[in-house]
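Subject: Structure handover

Hello,

Here is the structure I said I would pass on. Please open it first, then read the notes below.

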Amino acid sequence: MNTEDQPDRIGDYLRGDLADREAFERELSANPQLKIEMETTRQALDAITLREEQVLKDRLRNLEAGMATTARQPDAKVIPIGRKRSGGWFAYAAAAALVVFVAGYFLLRPAPATPEQLALSEFEPFTNIAYTVTKGANDGDDGRAAAYAAYETGDYATAEGAFAALGPDDPVDRFYFGQTLLAQEKYASARDLYRELATQTDFNLTQESAYYLALANLGLGQADEAREEIRRIADNADHPMSREARQLLEKL
Amino acid sequence: MHTESEDQTLFESIKSGRYELIDQLYLDHRTAFVTYAKRQLYATEEDAADCFQDAVIAFYRNVVSGKLQVLTCSIRTYLFSIGKRLVYRRNHQRQREMPTDHEAGVNPADELDWSLIDRFEREHDRSRLKDAMDSLGEPCREILTLYYYHHYPIESIMQSVGLPSEGATRIKKMRCLNELKKLVKKTS
């Protein structure tokens, strides 16, 4: 082996690019000098990694700082641009057509959605924090894996079927089952499920369930009851869904 | 939530060296992770965000180094797994109450290089290695970073640094590495 190539070979070995790793490892165990050289190279590569990761970390810290201090920027001032008058009769005809269109739109548009419907249309299912979906690694737990995999991809109809098949034993699975129902606007079934979960003891998503029960009631048109519950959650700063409840109230 | 094909596209772009996409990873998943870590792992907001930053960087490193060649789960699942392990570790260091890790079996975070993390947490080693890297001039720093950290091919580095040929770039890279090794030895 050409000794001039040795630093490159060590570097490539540590980078994971050396073709014949086994031969190199045999050489390494038989040659103490090579071992020392490799340790120094490893430290040099650590220095590179350490510095670059500090650069990337600073980049993400700046993003984080930006998220914390993001305030609404003042609206840009609109400066009218002087435009040459042109078009004559065409401009008047276009203006008249626009008036007719706008009037027609307001006369013929469908009935507006209620604030409740509008608020629910922005419903975002709870993040899957219960189950790590790993393809090909859940052979002993296919039903749950399928349910959560469908849930993560937003296929709520499939997820609903898969969660239903899991049975009523695990409240966490039931909680996500409820999310699939809300996502598909099946409010009556969601209400029954969350009513049960919201009163469970020794279940760490009880408070979240109370919030989703209120959402289901909102979807069923029981606005007063739902608003009262949502306001109660919003007023309780320690409630895990307090922020979401406040945002929802603003929309209502 | 990203679809599988969106995740796959993002994964391939990161693999091809677009490191700036870590911003997107962070912004897309940060809030969900912090909420999760606060509720389920008893982390503070600061610790959760800090650990998630490290998780995004670890994910990037695993992708570009080839340790993670195929995406076997969603990017969010992967990031959460790594972040969770880092929060456990942080909680342990702070002697905070620690929930049990219920997830047995294969875990995407198993690909984390804990020996590297351990080495970096030794303050003396950190400042020594930092000093060595700070003493190394340009373009050596750039060449070595692009090659050994971002895993750029020699041809790209040649163009980035403005060297005349791939051969010249290889030689320069070798000399730069030798220079860095000398600096590391000097600081030990």
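A nonpolar core is a set of buried Ala, Val, Leu, Ile, Met, Phe, Trp, Tyr and Cys residues joined through side-chain atoms within 4.5 Å. Please keep in mind that this is a predicted model.

The largest nonpolar core has 105 residues. Those with the most contacts inside this core are A:Phe126, A:Phe175, A:Tyr212, B:Phe59 and B:Leu180. Helix H3 of chain B, residues 45-64, contributes the most, with 12 residues.

Leaving aside neighbours within four places in sequence, A:Tyr212 is in contact with A:Phe123, A:Phe126, A:Phe175, A:Gln179, A:Leu182, A:Tyr194 and A:Met241.

Now the interface. Here 60 residues of chain B are in contact with 47 residues of chain A. The area buried between the two chains is about 5,100 Å², and carbon and sulfur atoms give 58% of it. On the chain B side, B:Arg39, B:Tyr148 and B:Lys181 lose the most area to chain A, together 12% of what that side buries.

The rule finds eight salt bridges across the interface of chain B and chain A. In one salt bridge, the side chains of B:Lys181 and A:Glu37 meet at 2.8 Å, N to O. Between chain B and chain A, 13 residue pairs are in polar contact. Helix H2 of chain B gives the most to the side that touches chain A, with 10 residues. By class, that side of chain B has 29 nonpolar, 12 polar and 19 charged residues.

Regards

Conventions. Residues numbered from 1 in each chain as written. Chains lettered and ligands numbered in written order. Predicted model: local features only at pLDDT ≥ 70, side-chain atom pairs only at ≥ 80, totals over all residues. Heavy atoms only, no water. Buried < 20%, exposed > 50% of the residue type's maximum accessible area, 1.4 Å probe, protein only. Helix = DSSP H or I, 4+ residues; strand = E, 2+ residues; numbered from the N terminus. Contact = heavy atoms within 4.5 Å. Buried area = accessible area lost by both parts, 1.4 Å probe. Salt bridge = Lys/Arg side-chain N within 4 Å of Asp/Glu carboxyl O. Polar contact = N/O pair within 3.5 Å; in protein donor to acceptor, adjacent residues only side chain to side chain. Nonpolar A, V, L, I, M, F, W, Y, C, P; charged D, E, K, R; others polar.
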